[in-house]
Amino acid sequence: MAFPERFSNLPEYAFPRLRSLLDHHPAGGEPIAMTIGEPQHPFPDWVGEVLAANLAGFAKYPPNEGTPGLRAAIAGWIGRRYGVAVDPMTQVCNVNGTREALFNACLAVSPERKNGQRPAVLMPNPFYQVYAVAAVAAEADPIFVPATAETGFLPDYEGLPADVLNRVTVAYLCSPANPQGVVAPRDYLARLLALAEKHDFIVFADECYSEIWQGEAPPGALEVAASTGADPERVMAFNSLSKRSNLPGARSGFVAGGPKSMARVMQLRSYQGAPVPLPLQAVSERAWNDEAHVVANRALYAEKYAAADSVFAGMQGYKTPEGGFFLWLPVEDGEAAALKLWTETGVRVLPGAYLAREANGHNPGKGYVRVAMVAPKEEMQRGLIQLRDCLYG
């Protein structure tokens, strides 16, 4: 039997790979999971009420792009959050969380050839792994651009040679970044949009951590595009309720962008997309219209940031995240550190190399571990102290 070759060199996914590394070793203490970015804070208390009131919706096929009410709620949130007016019917689409959209949108808008050559898709390295498989599925070359301490943990797309940039169809960017927690400043986003205009590509702004931050709210790509007068077709923004509202199981998010690009996304999705069930669309509509629970959620993360800062005070290489809920901690070797931590303490973290790819002979995640600050604060703090004493003591 023949199988497609384009997926044959995909590495094992991060979490099965982690199980292979750790699970045949006994835990060195009471297990504390700090690997996956699954929010553990309570979701809004009205979710059950809204769900129950809309149970009859399970008897109907839901609209693929989202109900008019949900799309209006998303557009309203974009307007309040970023000061940008978008047409809910032509510029907004409800999706099954950002992963689905980050994959499918690349198929929808990345052409088969660019300037007579095989297309290229840019992504930071390390990165959210769906970016690479989307590029491969679209028959484009994934270009892994280092996002390291030397580059401020943001990819230097401007530094790429013109012959690469002229093949680019899509450039992914995550801000606040997973895993490093940095926020792309306005001037960075403006320069990236200008680069996209110069070389004719679309910026895919993965903003699913946008509502978890310290200090000032992170700027959004739609916001910067509007303020600089960039072509609306140069950017697509992706967000979801998973982190913002602690509803990862709802599998509900959105993609928003220029009407021409969005028409292609919605056309493809009408053939292969799975719409979000109507009761969950009702919950989603309420969630995008409510900010009180988001403010309360952010306050809980502020306590966790403070706890992490206290545990790692004075530690060389420690950087408090500007946003998101991951710590990106420097170690000599991420795999060795994760194995040592598990076998000596029971604390479970993810080697940074599992979130990156080797490029030019170097994996930029090798000297890090990613730590998810999603457990209850006391448990998280206990895990961080054990990690500090085991790896840095």
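Among contacts (heavy atoms within 4.5 Å) between residues at least 6 apart in sequence, 78% join residues at least 24 apart. This is a predicted model, in which local features need pLDDT of at least 70, side-chain atom pairs count only at pLDDT 80 or more, and totals for chains, interfaces and linings use all residues. Residues are numbered from 1 along each chain as its sequence is written, and side-chain values use heavy atoms, without hydrogens and water.

The protein has 14 helices and 12 strands; these are DSSP runs numbered from the N terminus, with helices (H or I) of at least four residues and strands (E) of at least two. Buried residues (under 20% relative accessible area with a 1.4 Å probe, protein chains only) make up 56% of the 393 residues. The C-alpha trace spans about 55 × 55 × 50 Å along its principal axes.

Helix H5 (residues 130-137) is largely enclosed by the rest of the structure, because seven of its eight residues are buried. Those residues are Val130, Tyr131, Ala132, Ala134, Ala135, Val136 and Ala137.

Just after H5, Glu139 takes a positive phi of about 60°.

Definitions and conventions
Buried means under 20% relative accessible area, exposed over 50%, partly exposed in between (1.4 Å probe, protein chains only).
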